[in-house]
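Reader: I've got this one open on my screen and would like a close look at a single part. Could you pick one residue, walk me through its surroundings, and then carry on from there?

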Amino acid sequence: MIEVETLPQNKVNLKLEKDQILFDYRIVQQSRQASLMGRKEVFMGKAKFGIFGDGKELAQVVMARYFKDGDFRSGYYRDQTFMLAIEELKLQEYFAQLYAHVDVKEEPASAGRLMNGHFATRSLNDDGSWKDIRNVKNSAGDISPTAGQVPKLVGLGYASKLFKENKDLQEIEEFKGLGQEIAWGTIGNASTAEGMFYETINAAGVLQIPMVVSVWDDEYGISVPNKYQTTKESISEALSGFQRDGEKPGLEIIVVRGWDYEALHQAYEKAEKLAREEFVPALVHVIEMTQPQGHSTSGSHERYKSKERLQWENDHDCILMFRSYILENELATEEELEEIDREAVKFVKEQKEKAWKAFSGSIKEELNDAVQLIKSAAQNSGQISALNQLADELSKTLNPIRKDVIGAVRKALWLMRFDQPEVRFELKNWYEDQKEKNHSRYNSHLYSESSESNQKVNVIPADYSDDEHLVDGREVLQACFDKMLSRDPRVFAFGEDVGKIGDVNQAFTGLQAKHGELRVTDTGIRETTIIGQGIGAALRGLRPIAEIQYLDYLYYALMTLTDDLASLHYRTKGGQKAPLIVRTRGHRLEGVWHSGSPMSAILGSLRGLLVCVPRNMTQAAGMYNTLLKSDEPALMIECLNAYRQKEKMPLNVGEFTVPLGKPEILREGNDITLVTYGAMCRIALEAAEQLDELGVSIEVIDVQTLLPFDVHHMIIDSIRKTNRVIFADEDVPGGATAYMMQKVLEEQKAYYLLDSEPVTIAAKAHRPAYSSDGDYFSKPSSDDLVEKAYEIMNEVDPVSYPMW
């Protein structure tokens with residue numbers, strides 16, 4: 001571990017020029033004033049919540065000096081000073097985010113979708129295509145959950161390793177010259193107690209990637225001091241075993257005080273050199289930081305900090321210490337610094353007022369329109385008094401938001417429900433127009449809206465020879481993956497057991513030997529950072545396939561999948577994308593583990609991902625081909641018991657595509673529509689054969705993907721014919737079957753076509769017991785489907801379909 005000694009305050013490093021030092025002073029003062037004014041805006045009711053970077057300014061302005069074009073930050077919601085210093089955040093934009101301005105030009109990080117302190121640069125053009133991110137300073141989209149920002153650092157750094165070592169990538173124009181970019185992470189001291197932080201540190205040490213993580217240590221996590229957070233009360237001491245030595249690689253660990261300007265320069269100069277030139281990851285533990293305004297606007301730190309601690313924080317405020325440093329080294333006079341202080345206050349106030357004017361002005365304009373339309377409609381309405389009162393109340397709203405405007409318009413339309421349509425015509429049209437605009441403001445970009453959306457991928461049918469030769473399903477996937485890797489150097493696959501043995505089900509057999517360890521790679525058991533490795537690499541334009549060995553292992557990485565990957569495109573309003581393919585397997589295995597099908601958990605938490613549930617490996621291969629032509633993240637759930645089932649090998653195994661969101665009719669029938677997916681398709685077809693012998697005709701539909709789900713509403717055509725429907729799968733009762741039922745009965749209006757009540761058939765609420773009997777009595781069997789379908793027909797015609 002390297003302890004950066006505090007230099008005497010009167011020993012200035014001559015390499016640091018006066019203009020640079022005074023520029024840094026100006027930035028830290030502007031940032032501090034933004035924090036102080038931001039807090040007041042919240043208390044005045046002009047913003048909902050505030051969390052600020054005061055006390056962390058000096059370390060951040062120094063770190064910014066070593067951040068180069070092409071580098072990526074994935075950080076902490078107190079990094080405003082850093083973003084200001086690298087000139088990827090303007091103060092007006094900072095306040096626009098505080099106010100939640102929905103105009104992406106005013107608030108480019110999230111278009112008002114995130115609370116303040118969440119930073120992101122825009123990697124994409126308006127049409128969803130990539131900008132050239134080599135020659136700009138980049139910030140990955142921030143997330144709030146503690147330590148949630150760090151897993152993708154593994155991928156951001158690992159991408160540099162691939163750019164450097166995979167020569168084929170240098171042949172692609174947008175990747176030329178890349179290979180020395182650093183992934184810069186920041187995190188608060190308390191968040192380092194999270195498991196994903198330790199997993200990230202370990203993965204970085206194993207991979208030896210250019211990553212620098214700064215820990216902003218103010219000794220508290222809200223009210224909880226370090227003694228309850230961290231072994232030895234110090235993350236750098238706790239991680240001392242990760243410190244590299246002369247024999248074994250590891251991390252460089254550097255400790256530096258957050259108020260020591262020159263020592264901070266020494267620390268970051270060393271960390272940058274090691275990471276950029278030698279690919280040695282570094283941890284910079286910045287101690288003795290302060291938090292002058294406490295954790296956030298939700299409370300006061302005076303409740304839990306002693307008077308002595310508060311006094312210490314006041315005495316060691318990094319800006320006061322920086323000011324003393326400048327004066328003692330005669331870099332500026334007191335008067336010059338006071339002038340900078342005054343200019344900072346004035347400038348920040350001006351930017352705040354511009355941001356507020358832009359934010360409130362856009363809403364005020366809509367409010368005025370609504371007031372005038374309501375008053376105009378009132379003149380011909382039987383509710384003239386109530387409508388005028390509603391308009392007057394709306395016009396007097398203090399600091400209005402769109403909810404106030406739209407809420408009043410809705411009330412007005414209800415009041416006019418008995419009036420003639422022409423009375424409310426203009427107001428209703430205005431309301432419908434606002435609904436479209438508000439969809440764009442608040443609901444758009446959950447999925448890709450670019451020309452590379454999965455829905456715009458051309459369908460290429462699988463082509464087969466007349467040869468009846470069959471192969472194991474895994475061989476179809478193996479051939480598909482081989483074609484992908486040969487065709488596109490951006491593609492690489494990684495995960496536990498993927499490399500040497502070609503994954504536990506052999507779909508990558510021999511491909512590491514053929515394409516090399518950079519393209520087909522083993523990892524440790526670290527699901528969270530496997531996903532983070534994929535996210536970070538995809539953010540830099542690569543096309544990773546990250547394997548989670550079994551479906552239930554997905555839970556280890558669920559937070560990273562849901563809070564980061566699934567929401568990335570939405571929370572940046574199309575400013576960033578990470579088209580990661582997550583590969584896993586599940587369904588129909590026996591026993592408590594690896595056998596569950598937690599689809600309702602996936603559907604409830606991973607909106608923003610495509611969820612593919614192919615019934616066999618040929619369908620999976622076609623979906624992989626589709627996904628690599630699209631620009632969206634996806635989860636592929638292969639059937640565990642299908643790898644050795646026999647299938648025909650398509651002649652165009654690397655080219656044919658399967659459209660997503662388009663069900664396939666596996667067997668036509670007239671009596672009942674059976675909707676299912678994945679491994680249940682085989683069970684359903686078996687049941688259909690048995691039912692045919694009993695005189696019941698079942699139409700079996702494989703939905704193929706759950707997200708998207710039947711985008712062209714094909715299933716209702718089947719129900720229009722049968723007038724009866726069963727939804728079946730292996731999820732818990734009320735899970736994905738209920739989801740499918742809602743999509744078909746409600747969205748497709750199939751309810752009106754039913755002559756029998758809709759039926760769902762799911763697994764039991766518990767996981768299956770071990771043994772084949774456990775599987776039979778825990779999950780739907782063909783016997784269960786036969787029994788339920790026959791019961792439906794018995795109710796319809798008990799004479800023709802008598803029960804036993």
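Predicted model: local features only at pLDDT ≥ 70, side-chain atom pairs only at ≥ 80, totals over all residues.

Author: Leave out the neighbours within four places in sequence, and T572 is in contact with A109, S110, A120, R122 and G141. The residue itself belongs to a loop, the one between α19 (568-571) and β14 (581-586). Is T572 buried or exposed? It counts as buried, because its relative accessible area is 2%, with the cut-off for buried set at under 20%.

β14 is one of 7 strands in an open sheet with mixed pairing, in the order β12-β11-β13-β14-β16-β15-β21. The edges are β12 (520-522) and β21 (705-707), each pairing on one side only. From one strand to the next, the twist averages 20°.

For something helical, turn to α1 (residues 18-43) and α11 (residues 334-378), whose axes come within 9 Å and cross at roughly 45°. That angle makes α1 oblique to α11, and the crossing is right-handed. On the α1 side, the contact residues include L22, Y25, Q29 and M37, while α11 brings in L337, I340, F347 and V348, among others. By type, the residues of this contact divide into 10 nonpolar, 3 polar and 6 charged.

Definitions and conventions
Residues numbered from 1 in each chain as written. Heavy atoms only, no water. Pairing = 2+ DSSP bridges. Helix = DSSP H or I, 4+ residues; strand = E, 2+ residues; numbered from the N terminus. Axes fitted to C-alpha atoms, helices over the stretch in contact; angles between N-to-C directions. Buried < 20%, exposed > 50% of the residue type's maximum accessible area, 1.4 Å probe, protein only. Contact = heavy atoms within 4.5 Å. Parallel < 35°, antiparallel > 145°, perpendicular 65-115°, else oblique. Left-handed = near helix turned anticlockwise from the far one by under 90°. Nonpolar A, V, L, I, M, F, W, Y, C, P; charged D, E, K, R; others polar.
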